[in-house]
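Trainee: Before we look at particular residues, could you show me how to read a model of this kind, feature by feature?
Mentor: Gladly; here is the structure, and we can begin with the surface.

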Amino acid sequence: MITLILLQPLQSIPAQNWAFEDNEPVIRIGRSADNHVVLYSAVVSRHHVELRRVENGWEVVSLGANGTYLDGEAIRQAPITDGAILRLARSGPQIQIRLGTPTEAHLTDAMSHNSSLTPRSF
């Protein structure tokens, strides 16, 4: 299972989360209503990111015009590790990625991990 946790830009709490089974081959994130995760932000492209199931886990592929950052580094394509923070555009929304069964601990981890990040508005 993969869980995506939208992090509050100004507070250290999860705002929303989505859980997907491992049999989902692609998860699309963007502003368009045909995505699995829809984020309404001017800096998010209509089809900004794809999370793809690969042989050894998951990878992220950036499709957006404003860039995608994984743990603070600009990427085009990269493997995903548990707890990674995905940011859509330089000043866009942040999503923590949790791999495995979602638990209350995941939400607690998201809160503590986010506290060290610079707040961004979206």
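Trainee: What is the accessible surface of the protein, and what share of it belongs to carbon and sulfur atoms?
Mentor: Accessible areas come from the Shrake-Rupley method with a 1.4 Å probe, and for residues only the protein chains shown count as cover. Here the accessible surface comes to about 6300 Å², of which 48% belongs to carbon and sulfur atoms. This is a predicted model, in which local features need pLDDT of at least 70 and side-chain atom pairs count only at pLDDT 80 or more, whereas totals for chains, interfaces and linings use all residues. Residues are numbered from 1 along each chain as its sequence is written, and side-chain values use heavy atoms, with hydrogens and water left out.

Trainee: How many helices and strands are there, and in what pattern do they follow one another along the sequence?
Mentor: Helices (H or I, at least four residues) and strands (E, at least two) are DSSP runs, numbered from the N terminus. The protein has 1 helix and 11 strands, and its pattern along the sequence is β-β-β-β-β-β-β-β-β-β-β-α.

Trainee: What order do the strands take in the open sheet, and which strands lie at its edges?
Mentor: Strands of a sheet pair through backbone hydrogen bonds, either parallel or antiparallel. As a working criterion, two strands pair if DSSP finds at least two bridges between them. The open sheet of 5 strands has the order β4-β3-β5-β6-β9, with mixed pairing; its edge strands are β4 (37–38) and β9 (77–79), each of which pairs on one side only. Within this sheet, β3 and β5 run antiparallel and are joined by 4 bridges, and R28 has E50, in β5, as its bridge partner.

Trainee: What other link is there between E50 and R28?
Mentor: A salt bridge is a side-chain nitrogen of Lys or Arg within 4 Å of a carboxyl oxygen of Asp or Glu. E50 forms one with R28, with the closest N and O atoms 3.3 Å apart. Because E50 lies in strand β5 and R28 in strand β3, the pair ties together parts that are 22 residues apart in sequence. The side chain of E50 also meets that of R52 in a salt bridge (2.9 Å, N to O), and R28, E50 and R52 are linked in a network of salt bridges.

Trainee: How many salt bridges does the structure hold, and which residue does D82 meet in one?
Mentor: The structure holds 3 salt bridges. In one of them the side chains of D82 and R98 meet at 2.9 Å, N to O; D82 lies in the loop between β9 and β10 and R98 in strand β11, so the pair ties together parts that are 16 residues apart in sequence. D82 is partly exposed, with a relative accessible area of 41%, while R98 counts as buried at 7%.

Trainee: How many residues make up the largest nonpolar core, and which elements give two or more residues to it?
Mentor: In soluble globular proteins, nonpolar side chains tend to be buried together. A nonpolar core is here a set of buried Ala, Val, Leu, Ile, Met, Phe, Trp, Tyr and Cys residues joined through side-chain atoms within 4.5 Å. The largest one has 23 residues, and those with the most contacts inside it are I2, L4, I29, L39, L51, V60 and L86. The elements giving two or more residues to this core are β1 (2–7), β2 (14–20), β3 (26–30), β5 (49–54), β6 (57–62), β10 (85–88) and β11 (94–99), and the largest share, 3 residues, comes from β1.

Trainee: Which residues is L39 in contact with, leaving aside its neighbours within four places in sequence?
Mentor: Contact means heavy atoms within 4.5 Å. On that basis, L39 is in contact with L6, W18, I29, G30, R31, V44, L88, P93 and I95.

Conventions
Buried means under 20% relative accessible area, exposed over 50%, partly exposed in between (1.4 Å probe, protein chains only).
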